[in-house]
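Hi there,

Here is the structure I promised to send you. Have a look at it first, and then read on for what turned up.

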Amino acid sequence: MASREKVTSAFAPDLDEVRAWLQKMIAALRFVEMVTAVIALIVRMRDLNTELVAQLAHLRRRHPRSETLDRLERQLVLPIDGLTVQSTAKPNDETTDDKKKRRGHHPGRGAPPAHLPRVPVFNRVPPELRVCPLCGTTMTTVSHSSCLLLNVIPARVFVEERLDETIACPNDDTIVSASPPPQIVERGKLADTLIVEAVCDKYIEHLPIERQCTRFTRAGVDVAPQTLGRSVSAALDLLAPLARLIQEQTRGPGLLGTDATGIPVLDPGAPEGIRNGTMWAWTNARWVTFFYSPVGDAESVKRFLGPDLARTVQCDGTSIMTFLERTGGKRPGCWAHARRRLVEAARAGDRIALEGVRIIARLFVVERDSTCAGDNAEQRRERRTHFSRPILNELRSWLDRQKAVIPPKTPLGKGLGYLDRQWPRLMLFLEDGNIEATNNRRERELRRLVLGRKNWLFAWLDEGGTRTGDILSILATCIAHDVNPRAYLHRVVHCIVHGWPQSRLRELLPDRMLVAHPELYVGAPDALPMPATTPALSR
């Protein structure tokens, strides 16, 4: 059979070329070949149009689209008898019944936190109502009914006037003056508390320096953005040694995980004045490090890992990390990424992709059950061997069947290809219960950077990128240890400014500070770590 003749390009169709080709085929009476070629062209153009429409919808969407199985199944339901997709989700009857039972029996408001101070505000009866309407006697207070409301005292800017004492000897000319106390910015106009609050507002609440200065202006205080920005940079430089210690803890023994995103860097030397840097988020248990690199290549990963490259590092399917396997390391895959490509195909209307999504959903049910049961690493490995391995065998059989018949360039074909290529890495979580099924934690850590990036827009040169990584490392590690990051920064900066010795810098790490200052804890009350000995900070 002769090969099918090409009519015109499906990407940029030429109507004159199509017309000339049709006339040639009609004159040669090759009608079957003509119809076959035209249908093939139309199908190809339809596929391209479908893919472009999906990409355009993805770019125009305002909110992330849900990837839950229930939402996907509802998107594929057609209002035609016999063409609805059968849902495999469990019925929600029990939940609905529970809600009906609870209706009308609301437990009421939760009590305010017990550690907050109570400020009494008396709501007195007006004078005209304090006289008894029956006998004219002035009534007396019998009791008060209590109503608890949460309130806040707005921040107040004030001028701190420091009076440096000077003393003199009455018998001779000896004069001694008090030395000025150390500050973040020596002889600066901004106090340390204000600078630390600015650091917290920028990197915790994602409030840019210019917007903070505008807030000061509304309060009648003129603070130049350059002044506040340089003061914040000085505070970040002060905290840099602490970030280096956190990086050492993250790089230590244990299961590593990483993911990366871009960060705009303002650089006058760049052709357009701005370029893209890379921020790597690394995790190891409760230690989190944001590692900045001008280029997100394999060399940046090697700079973080150091000489020991034979590590287990969980990541997505990027080719940047392939050197780990060549050096004897492992790189477990991410089931969320594997599932996401099938989800994209299912959104395009492919019901075969939905079958794969349903099989993978059962893997996540096993992981959820393990979390709810409080399994340790060995128990989780046994649970995965008993429950997850049969699911994976079923998924592999489904993958082999579909890969043999699905074209590789289709959305489903791309998803199947990714799943097939990453299969050995995706299976590694069966060997070690410490390995997570997904790389979602690293993506969640990167949200702090992404949210801030949408507000403060860029960093200044590579030094700004490094400073951003340092402060995000400290804040993310505090949050991972259930430590109040704002209170922690105030306490740590005060210690460092007032001469905390470098030899005892490890005592300022979040886990050590939590032991010395339990009031910094913001997690569940019954989970507060209580070691046998509690060392106290002497400074």
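**Salt bridges, helices and cysteines**

Glu445 and Arg448 are joined by a salt bridge between their side chains, at 2.3 Å from N to O. Both residues sit in helix 15 (residues 440–456), three residues apart, which is about one turn of the helix. Glu445 is buried, at 7% relative accessible area. Please keep in mind that this is a predicted model.

Lys302 and Glu299 form a salt bridge whose closest N and O atoms are 3.7 Å apart. They belong to helix 8 (residues 298–305) and are three residues apart, about one turn of the helix. Here Lys302 is partly exposed, with a relative accessible area of 29%, and Glu299 is partly exposed too, at 43%.

What does Glu325 form with Arg425? The two make a salt bridge, with 2.9 Å between the closest N and O atoms. Glu325 lies in helix 9 (residues 323–326) and Arg425 in helix 14 (residues 423–426), so this pair ties together parts that are 100 residues apart in sequence. Glu325 counts as partly exposed at 34% relative accessibility, whereas Arg425 counts as buried at 15%.

Salt bridges can also link up into a network, as they do for Glu197, Asp201, Glu205, Arg215 and Arg486. Across the whole structure, the search finds 29 salt bridges.

Finally, the cysteines. How many disulfides does a search of the whole structure find? The count is zero. A disulfide is a covalent bond between the sulfur atoms of two cysteines. For Cys315, the closest cysteine sulfur is in Cys334, 9.3 Å away, and that is too far for a bond, because a disulfide needs the two sulfur atoms within 2.5 Å. Cys315 is buried, at 2% relative accessibility, and Cys495 is buried as well, with a relative accessible area of 5%.

Enjoy exploring, and write back with any questions!

Best wishes

Note on methods. Residues numbered from 1 in each chain as written. Predicted model: local features only at pLDDT ≥ 70, side-chain atom pairs only at ≥ 80, totals over all residues. Heavy atoms only, no water. Buried < 20%, exposed > 50% of the residue type's maximum accessible area, 1.4 Å probe, protein only. Salt bridge = Lys/Arg side-chain N within 4 Å of Asp/Glu carboxyl O. Helix = DSSP H or I, 4+ residues; strand = E, 2+ residues; numbered from the N terminus.
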